[in-house]
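Hello,

Here is the structure I promised to pass on to you. Please open it next to this message, and then read on for what turned up in it.

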Amino acid sequence: MEHSFTEAEVKEIQKHVAKYPDRNSAIMPALWIAQEKFGWLSAETIKLVADTLDVSYARVYGVASFYTMYLKQNCPPNLIEVCTCFSCGECGGKERMTFLKEYLHTNEQGHSADGKFWIREAECLGACDTAPVGQVSNRRFVHNLTDEKLREVIEKLRAGETLSFESIPLTDQTQIDG
Ligand code: FES
């Protein structure tokens, strides 16, 4: 894949730039557009974002490295995060992580043996009333997480089934399960 943005993507990024008095404010949405396109944020991609926004590489790298939702490594395609913070930690988040590790036979980096999944603990996802909470590939939440729900999500993804949430924009997230 050619390492560049399409005209439509540049237009989309410029729309974000136009919203703010300072173009640095458009770094986050521009990084998101880049990650959606390339899958993760390599040094080359970060430079592309910086050049497109006409801001420094250091600025863009600083934002990308601060937020965990921006992926700085080329990881397996399906990311499953489980909140183990405060409420979720008390309500089974840690046990759900243990289940995932065993079910997916993950290595030290949290990558599954089949190379399709990546797991990690998350800080508070802001949905503490439905603890424990999980998040799939930086998008949809799974509330009141159980091992059964995790198994269902994994098997659907493993079967290549498109989960409905994948087409929902980040700004319009809804629940996968009640
Ligand atoms: S503690 Fe898990 S969502 Fe807040």
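D54 is exposed, with a relative accessible area of 60%. You will find D54 in the loop between α3 and α4 (57-66). Its backbone is worth a look too: D54 is not a glycine, yet it has a positive phi of about 60°. Please keep in mind as you read that this is a predicted model.

N138 sits in the loop between β3 and β4 (141-142). Is N138 buried or exposed? With a relative accessible area of 9%, N138 is buried, because buried means under 20%.

While you are looking at loops, go to the one between β2 (117-122) and β3 (134-136), where P132 is found. The peptide bond that leads from A131 to P132 is cis, and its omega is near -5°.

Now to the helices. Two packed helices are described by the angle between their axes and the distance between the axes. Take helix α2 (residues 27-38) and helix α3 (residues 43-53): their axes come within 10 Å and cross at roughly 135°. This angle makes α2 and α3 oblique to each other, because angles count as roughly antiparallel over 145 degrees and as roughly perpendicular from 65 to 115. The crossing of these two helices, α2 and α3, is right-handed. Which residues make the contact? From α2 come I27, A30, L31, A34 and F38, and from α3 come T45, L48, V49 and L53. Sorted by class, the contact of α2 with α3 has eight nonpolar residues, one polar residue and no charged ones.

The other pair to visit is α6 with helix α7 (residues 147-158), whose axes come within 10 Å and cross at roughly 40°. α6 and α7 are oblique to each other as well, and α6 passes α7 in a right-handed crossing. On the α6 side the contact is made by R96, F99, L100, Y103 and L104, and on the α7 side by D147, L150, R151, I154, E155 and R158. How do the residues of the contact of α6 with α7 divide? Six are nonpolar, none is polar and five are charged.

F66 is exposed, at a relative accessible area of 61%, whereas Y67 counts as partly exposed at 33%. The rings of F99 and Y103 have their centres 5.2 Å apart and their planes at 15°, so this pair is stacked. F99 and Y103 are four residues apart in helix α6 (residues 93-104), which means that about one helical turn separates them. Here F99 counts as buried, at 11% relative accessibility, and Y103 is partly exposed, with a relative accessible area of 25%.

Together with W32 and Y70 they form one aromatic cluster.

Happy exploring, and write back with any questions.

Best wishes

Note on methods:
Residues are numbered from 1 along each chain as its sequence is written. This is a predicted model: local features need pLDDT of at least 70, side-chain atom pairs count only at pLDDT 80 or more; totals for chains, interfaces and linings use all residues. Side-chain values use heavy atoms; hydrogens and water are left out. Axes are lines fitted to C-alpha atoms, for helices over the stretch in contact, and angles run from 0 to 180 degrees between N-to-C directions. Angles under 35 degrees count as roughly parallel, over 145 as roughly antiparallel, 65 to 115 as roughly perpendicular and the rest as oblique. A crossing is left-handed if the near helix is turned anticlockwise from the far one by less than a right angle, and right-handed if clockwise. Contact means heavy atoms within 4.5 Å. Ala, Val, Leu, Ile, Met, Phe, Trp, Tyr, Cys and Pro count as nonpolar, Asp, Glu, Lys and Arg as charged, and the others, Gly among them, as polar. Buried means under 20% relative accessible area, exposed over 50%, partly exposed in between (1.4 Å probe, protein chains only). Rings of Phe, Tyr and Trp (its six-membered ring) pair if their centres lie within 6.5 Å; planes under 30 degrees apart count as stacked, over 60 as edge-to-face and the rest as tilted.
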